[in-house]
Amino acid sequence: MNWQTFDSADALSDHAARLFLHAIQSNPRIVLGLPTGRTPIGMYERVVRECRREYRCFRDVVTFNLDEYAGVPREHPGSYWMYMQQHLFAHVDVDTHNIHIPDGTAADLGAECIRYEAAIRQAGGLELTFLGVGRNGHIGFNEPGTPFDARTRVVELTPSTRAANAEFFPNGEVPTRAVTMGIGTILESREIVLLAAGAGKHEAIERLRSGAIDESFPASALWKHANVTVLAQEPS
Ligand code: GLP
């Protein structure tokens, strides 16, 4: 695991954006795994800024988001579909046919998970996946205790994850379930970059850095992968 530390969230975002832009420039047809959350916003901002200058950045890029809330319509301001529009897709020349986000409103969520896995396979698999990390070590919405070989599926959100995301659902109806790529799905990405910054992540960063591999801490599964870079903000 390759560790790089930064003394500010801005410096971390600059570096993450450089990795992102380099990847899509070196392989304009790249298949990306993409995260949501507060941490990657700075990376997306910088990618958008650059791609506005050099239009055509995203023309053939294929994207798969890690997760989506169950039962939340796309148009809901708290949906990850909306997040991706707001922070990336609405500002770049991505082909909407190349955007994949699990449909959390599908009538049959089990079938939706199978369809999502098949779509990733059909696209040739994930080449590069960016991840955030929850305070409890979750990646995507794979909460503590998730088997490391789990595939895309419907999950129950823990109270702490619901609390961490409550501000995006101001009417108080924080979703209880989500569709997430599994840890096994994520580990099949040929390269992974994890971003960890901001308040409350120090413990998670230290636990990951310790190298102890344990299903009670989902991010530790990344130690089983040969090509992972962690970009971590050091506490000030
Ligand atoms: C959510 C997302 C995760 C993300 C995590 C951390 O739960 N499903 O993919 O990594 O939040 O978010 P933040 O960056 O806001 O701390």
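## Parallel sheet

Thr5 stands opposite Ala232 in strand E10. Strands here are DSSP runs of E, at least two residues in length and numbered from the N terminus. The model is predicted, so local features need pLDDT of at least 70 and side-chain atom pairs count only at pLDDT 80 or more, while totals for chains, interfaces and linings use all residues. Residues are numbered from 1 along each chain as its sequence is written, and side-chain values use heavy atoms, with hydrogens and water left out.

E1 and E10 (residues 228–233) pair in the parallel sense over 5 bridges; two strands count as paired if DSSP finds at least two bridges between them. Both strands belong to an open sheet of 7 strands with parallel pairing, in the order E1-E10-E9-E6-E2-E3-E5. Its edge strands are E1 (2–6) and E5 (99–100), each of which pairs on one side only.

## Antiparallel sheet

Strands of a sheet pair through backbone hydrogen bonds, either parallel or antiparallel. A further open sheet contains 3 strands in the order E4-E8-E7, with antiparallel pairing. E4 (67–69) and E7 (153–156) are the edge strands, each pairing on one side only. Neighbouring strands of this sheet are turned by 30 degrees against each other on average, direction ignored; the axes are lines fitted to C-alpha atoms, and angles run from 0 to 180 degrees between N-to-C directions.

E4 is joined to E8 (residues 177–180) by 3 bridges. Within this pairing, Tyr69 has Ala178 as its bridge partner in E8, and Glu68 has Val179. On E7, 4 bridges provide the antiparallel link to E8, where Arg177 is the bridge partner of Glu156.

## Ligand site

A backbone N or O atom of Arg38 lies 2.7 Å from a ligand oxygen atom, and a backbone N or O atom of Val133 lies 3.3 Å from an oxygen atom of the ligand. In Tyr80, an N or O atom of the side chain is 3.3 Å from a ligand nitrogen atom. Taken alone, the ligand exposes 390 Å², of which the protein buries 94%; accessible areas come from the Shrake-Rupley method with a 1.4 Å probe.

Definitions and conventions:
Polar contact = N/O pair within 3.5 Å; in protein donor to acceptor, adjacent residues only side chain to side chain.
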